[in-house]
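Dear colleague,

Please find below the structure that I am handing over to you. My notes on it follow directly after.

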Amino acid sequence: SLLIGLRGQTIGMMAARIKAIDANTGNLIGFGRALGRDLFERLLGFLLFIPLVIDLLFPAWDPRRQTLHDKVTNTVVIKI
């Protein structure tokens, strides 16, 4: 969460050359929203396996290619 807040990327995202940004402005999302994004994804995983799978597959049919945790925090992941 700290790396996403500061750079828009985790180490894995750096390797994949993707970045999480604000969906409206394109700016970095900051630590608070990065933490919220991470916590929501963990909550879905904690509830059961199925909600997490739906979250991770959501970009396949979403026009903006956002996961549910992206929608909740108004972020989008882009290729860089």
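The loop between α2 (11–16) and β1 (18–22) holds R17. In this predicted model, the phi of R17 is near 60°, a positive value in a residue that is not glycine. R17 counts as exposed because its relative accessibility is 52%, and the threshold for that class is over 50%.

A positive phi also occurs at N74, which is not a glycine either; the angle there is about 55°. N74 belongs to the loop between α5 and β2 (75–79). With a relative accessible area of 27%, N74 is partly exposed.

Helix α5 contains H69. This histidine is buried, since its relative accessible area is 4% and burial requires a value under 20%. The side chain of H69 forms a polar contact with the side chain of D55, at 2.7 Å. Leaving aside residues up to four places away in sequence, H69 touches R37, F40, E41, D55 and T75.

On the surface, a nonpolar patch is formed by F49, I50, I54, L57 and W61. Together, these residues have about 570 Å² of accessible area. One of them, W61, is located in the loop between α4 (49–57) and α5 (68–73). W61 has a relative accessibility of 53% and therefore counts as exposed.

With kind regards

Key
Residues numbered from 1 in each chain as written. Predicted model: local features only at pLDDT ≥ 70, side-chain atom pairs only at ≥ 80, totals over all residues. Heavy atoms only, no water. Patch = residues over 30% accessible without salt bridge, like charges linked within 9 Å, V, L, I, M, F, W, Y side chains within 5 Å. Areas by Shrake-Rupley, 256 points an atom, 1.4 Å probe, with all protein chains shown as cover. Salt bridge = Lys/Arg side-chain N within 4 Å of Asp/Glu carboxyl O. Helix = DSSP H or I, 4+ residues; strand = E, 2+ residues; numbered from the N terminus. Buried < 20%, exposed > 50% of the residue type's maximum accessible area, 1.4 Å probe, protein only. Polar contact = N/O pair within 3.5 Å; in protein donor to acceptor, adjacent residues only side chain to side chain. Contact = heavy atoms within 4.5 Å.
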